[in-house]
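Thanks, everyone. Let me put the model on screen, then walk you through a few spots.

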Amino acid sequence: MSAAKTSAAMLEASDVTRTFMVSQGFMRGKRPLHAVNGISMTVREGEVVALVGESGCGKTTLARILLGLLPPTSGSIRVGGQPITGLARHEVAKLVQPVFQDPYSSLNPRKSIGSIVALPLKVQGGVEGRETRRRVEEMMELVGLARRLYDNYPNQLSGGQRQRVAIARALVNRPRIVICDEPTSALDVSVQSQILNLLQDLRRELGLTYLLISHNLAVVEHMADRVAVMYLGRIVEQADTDTLFRAPKHPYTEALLRSVLTPEPGLGIPDTHLGAAYPNPLNMPTGCRFHPRCPKRFAPCDSVAPKPLGDGGTFVECHLYDPQVAQAAA
Amino acid sequence: MGERVLTVEDLRVDIPVAAGMLHPVQGVTFHVDRGETVCIVGESGCGKSLTALAIMDLLPRSAKRTAMRLELQDQTLDGVAEARMADIRGNRMAMIFQEPMTSLNPAYTIGNQLEEAILRHKPVSRKDARKRAVHLLGRVGITAAEQRLRQYPHQLSGGLRQRVMIAMALMCGPALIVADEPTTALDVTIQAQILHLLAELQREFHMGLVLITHDLGIVARIATRVVVMYAGEVVETGPVDEIFRAPRHPYTQGLLACIPVPGKTRRGERLGVIPGMVPSLVGEMPYCHFASRCPIVIDECRAAPVPLTSEGGRGRRVRCIRAADVAAGALQAAGTAA
Ligand SMILES: Nc1ncnc2c1ncn2[C@@H]1O[C@H](COP(=O)(O)OP(=O)(O)OP(=O)(O)O)[C@@H](O)[C@H]1O
Ligand SMILES: Nc1ncnc2c1ncn2[C@@H]1O[C@H](COP(=O)(O)OP(=O)(O)OP(=O)(O)O)[C@@H](O)[C@H]1O
Ligand SMILES: [Mg+2]
Ligand SMILES: [Mg+2]
């Protein structure tokens, strides 16, 4: 989407961090866990930006900050061009809505489908009963849920139907931005394709902007215009989807792409070339936080933290691409 | 290859439920030779896990298992007393579950559990058991194995726990390993590492491996042969390259059309879908189970049960009376599969 480059910024994070204090066990005191560690990103109107990265690297934490559900420890957020701190809870909710991973646990089992979808309208207020029902039914139809399911309960629905309910709930008060956190990972591939098709249709029909969080790189490649790759709380590479998939720069991005198991018999299971030293966010490596697992590490990596190289939209955070560092090390 | 490790013929599982009798596994037939990896794929709820549990004799108490043949190497597993089964399980065949915490005991150290896995079955000393545990932890890529032995399961990450489970499954040198979604809970780089390891160990120890997953990427990359299940039945089986190149069952073809493939499906383009829902498995269904969702269904499909018939050579079998039409592109003509 070249048009997106010039369109307005819908979601902006500037140098956002989030630290959790976690207990180390009995009598051991608490230690800071840097879940998000200096993230700046922009999602423009009409774009689909994907956020990928290892389990526990901070994707959901960032999503919750962007939704205004969790305050950042430092840094600032702008939603729809305005600072999130100047917006009331319901004003943020009118702009940006989430769709979470697990359609089984994210829906209240004691509420009917109709009242689940209607909830954002109720919270927002000012919509009368009959109008609420009309808008809910309209939205259910849009996401492919039969109206007769209005009075059913979540346990009477399949996984795909439940995820449609979650999507209808997210869209009922017409937000501009939807943050989808693993929207299909709990679903079968045959249900996944329905949901992905639906998200594409809704994007076109309603002019939505998406931030898509997913472990499934084939899904990311299919959906996203731009991709941000996270590792231990930082975005280590960001580029448009074609560039990232064709010419990944960061060694972690390379490993991620190498790990994709395309359905092609005969190719075998790839070797990731990664070390088995799993990252521990409570004990951050010095220098580049990826260096203990990196197959390409060299002299400065264990002591000097790399800086982002490139512009705001396309960059990589790796010493390999820093001519000064490479020269000094040679 | 050659030596037959597992023979499953007409395996059935019945479970009484409130609505009547549930038939989650209805006549499953397949076999595994030494050195082979057989992948079982299919939609959630189609009976993959129950098939695995039935082989291991670990079904829930209320479930009833029957089979024409169920053999591990040359020994029948049908009608074997629990004491005898307990001797076979973990010894000559082992299972790896999706969530390692369900099979690791939080109260015992990793070392203790690994050692017990062999002490229970073989006349070896604790010292030798420990030696084997250290050796196998090394083989599954766990460094500082001596120290790891003293740790408890909750002190390890998900990826490490799954490696421990693989080491435990290998302790007695089994002829067969059954792995049920062994990497579903892990992220992609760790998934690739674990699968790489599993494939390597399987070759090295010349075991038979049954791997259950609904990830077609995993299947393509690791399987020797594939068993596709739908609603309790095997609908198609054969060598992995043939199944992916020329699927003969409408369900297999539909499944392959659902997944985005970088470089093949175009960005933003519609993906294939399989409209409709899986039928209930309560009660009898004496006709094609896929009929209600099949884009090329004809009256005959609903007239009688459809047998699993041989299609050409190489052990290819398909449960569809229109298999030849599917191969000739009937679904594409019907405008469904991409
Ligand atoms: N409320 C909290 N208290 C303490 N630690 C937390 C909290 N929420 C998240 N964390 C930690 O912050 C880190 C990032 O977690 P987060 O859920 O954002 O990861 P993620 O990238 O979404 O992972 P996944 O892919 O597994 O969903 C993890 O180490 C997690 O354990
Ligand atoms: N103990 C049980 N009692 C009653 N029904 C059961 C029981 N265990 C499984 N089932 C049912 O049997 C069917 C097959 O279940 P199974 O766990 O084998 O599915 P699966 O193919 O492994 O699915 P998934 O991909 O979701 O793991 C499902 O409809 C399930 O609900
Ligand atoms: Mg998350
Ligand atoms: Mg299962």
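**Around ligand 1**

Ligand 1 has 14 residues around it, and A:Ser55, A:Gly56, A:Lys59, A:Thr60 and A:Thr61 come nearest. Here a residue is near a molecule or strand if one of its heavy atoms lies within 4 Å of it.

Before going on, the ground rules. This is a predicted model: local features need pLDDT of at least 70, side-chain atom pairs count only at pLDDT 80 or more, and totals for chains, interfaces and linings use all residues. Residues are numbered from 1 along each chain as its sequence is written, chains are lettered from A and ligands numbered from 1 in the order in which they are written, and side-chain values use heavy atoms, with hydrogens and water left out.

Now the polar contacts, meaning pairs of N or O atoms within 3.5 Å. A polar side-chain atom of A:Thr60 sits 2.7 Å from a ligand 1 oxygen. For A:Gly58, a backbone N or O atom lies 3.0 Å from an oxygen atom of ligand 1. A:His215 has a side-chain N or O atom 3.1 Å from an oxygen of ligand 1. How much of ligand 1 does the protein cover? The protein covers 66% of the 640 Å² of accessible area that ligand 1 has on its own. That area is Shrake-Rupley, with a 1.4 Å probe.

Which elements build the shell? E1, E2 and H1 of chain A each supply at least two residues. H1(A) gives the most, with 3 residues. Helices (H or I, at least four residues) and strands (E, at least two) are DSSP runs, numbered from the N terminus.

**The sheet behind it**

In chain A, 4 strands form an open sheet, antiparallel, in the order E2-E1-E4-E5. Strands E2 (30–44) and E5 (82–83) of chain A stand at the edges, each with a single partner strand, so one side of each has no neighbour in the sheet. Strands pair if DSSP finds at least two bridges between them. E1 (residues 9–23) and E4 (residues 74–79) of chain A pair over 5 bridges. Within E4(A), A:Ser74 stands opposite A:Thr17. Helix H1 (residues 59–66) of chain A packs on the sheet, touching E1, E2 and E4 of chain A. Contact means heavy atoms within 4.5 Å. The direction of H1(A) makes about 120° with that of E1(A).

Most residues other than glycine have a negative phi. A:Arg174 has a positive phi, near 50°. A:Arg174 lies in the loop between helix H5 (159–171) and strand E7 (177–181) of chain A.

Notes. Axes are lines fitted to C-alpha atoms, for helices over the stretch in contact, and angles run from 0 to 180 degrees between N-to-C directions. A polar contact is a pair of N or O atoms within 3.5 Å; within protein, one must be able to donate a hydrogen and the other to accept it, and residues adjacent in sequence count only if both atoms are side-chain atoms.
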